[in-house]
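Trainee: I am new to this structure. Please take me through the terms and how each one is decided.

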Amino acid sequence: MDGVRAVLDAIEVFLDNLTAVDPQPLALAVLCHLAKLLAITRAWRNIVADAYPEQRVRWRPLFGAYVAGVGINAILPARGGDVVKLYLAKRAVPGSTYTTLTSTLLVQSIFDVVAASILLLWAIHLGVLPGLDVLPALPSFDFSWLFAHPQAAAVFLVALFVGLVFLAVWLEQHVTAFRARVAQGVRVLHDRPRYVRRVVLWQAADWALRIATVYFFLRAFDVHADLHNALLGQVANSLSTILPISPGGIGTEQALIVYVLSGEAASSALLSLSVGMRLTLTVVNVVLGFAALFLMLRTFRFRRLVASERAPARP
């Protein structure tokens, strides 16, 4: 409950300081965020196109699938939007399989993990992140629960690991085409120059736009804006998504931003920044995501649509 109370208090501070927000850099932050979605979906489209060279893989349906998943992840915990993303992508690419499409997302995550790790190591080197003695006290949903219930968290993680091992063994033994489908999804990695040209460059643009988004949010909320602080804000954002317990890592991101940027502005400004940035991006993601979902499916009743497609046709 401490995490919930902290978020509600921060929202109240944000609303009290709403008139102080500069609309011009706020608009630029939103534009950078939209451009980021364009860049990352271009990279994903190219990975999928290499996995299915015999198909005409169009960018627009995959863009719609991706932003629909992002929109649902913004309001639901445990990254439930990824299921929707894969479902829509499978509809958009005839003959595709969930195994291969999941593998394309794993290829996409390679650059993300490397970039996030470099930034994390940089932040650790600077000593700006909270230590293990401070982390449990942060008013966040995800990390506070983890430290408040260490035994339950350990049991859950061990059970998850064992379950994944058994799943991998079962798939290898019972699904004869499993390896082939995985190999199909990572095909772009076999040609390194092509991978760099068609994937890495787009993902580098994606990360540059992420940092630019944070920079303009800093300006909008009157927090000292420079590359250093924008990178710290991106580190906080990346860490908040490690444990997908709460939607968008809300609470965790707020606590981390206030901690790593302490001294750069008044506490009220940092609270406004942390909540305002997350609320703004959530609204943008939800509006864009559900618009894409409706345009692609002509309905918001996702579960009913899936059930109707699975039902056997009547003679």
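Mentor: Val-158, Phe-161, Val-162, Val-165 and Phe-166 make a nonpolar surface patch of about 500 Å². The model is predicted: local features need pLDDT of at least 70, side-chain atom pairs count only at pLDDT 80 or more, and totals for chains, interfaces and linings use all residues. Residues are numbered from 1 along each chain as its sequence is written, and side-chain values use heavy atoms, leaving out hydrogens and water.

Trainee: What makes a nonpolar surface patch?

Mentor: Patches take residues with over 30% relative accessible area and no salt bridge; nonpolar side chains (Val, Leu, Ile, Met, Phe, Trp, Tyr) are joined within 5 Å, like charges within 9 Å. Areas come from the Shrake-Rupley method with a 1.4 Å probe, and for residues only the protein chains shown count as cover.

Trainee: Why is Phe-166 called exposed?

Mentor: Exposed means over 50% relative accessible area, buried under 20%, partly exposed in between (1.4 Å probe, protein chains only). Phe-166 has 60% relative accessibility, so Phe-166 counts as exposed. Its place is in helix H7, residues 150-174.

Trainee: And why is Thr-104 called buried?

Mentor: Thr-104 has 0% relative accessibility, so Thr-104 counts as buried. Thr-104 lies in helix H5, residues 98-126. Helices here are DSSP runs (H or I, at least four residues), as strands are (E, at least two), numbered from the N terminus.

Trainee: What joins the side chains of Thr-104 and Trp-44?

Mentor: A polar contact of 3.0 Å. The term needs a pair of N or O atoms within 3.5 Å; within protein, one must be able to donate a hydrogen and the other to accept it, and residues adjacent in sequence count only if both atoms are side-chain atoms.

Trainee: How do you know that Asp-50 and Arg-194 meet in a salt bridge?

Mentor: A salt bridge is a side-chain nitrogen of Lys or Arg within 4 Å of a carboxyl oxygen of Asp or Glu. For Asp-50 and Arg-194, N to O is 2.8 Å. The pair links distant parts of the chain: Asp-50 in helix H2 and Arg-194 in helix H9, 144 residues apart.

Trainee: Are these two partners buried or partly exposed?

Mentor: Asp-50 has a relative accessible area of 10%, so Asp-50 is buried. Arg-194 has 27%, so Arg-194 is partly exposed.

Trainee: How many salt bridges does a search of the whole structure find?

Mentor: Five. One of them joins Asp-82 and Lys-85, at 3.5 Å, N to O.
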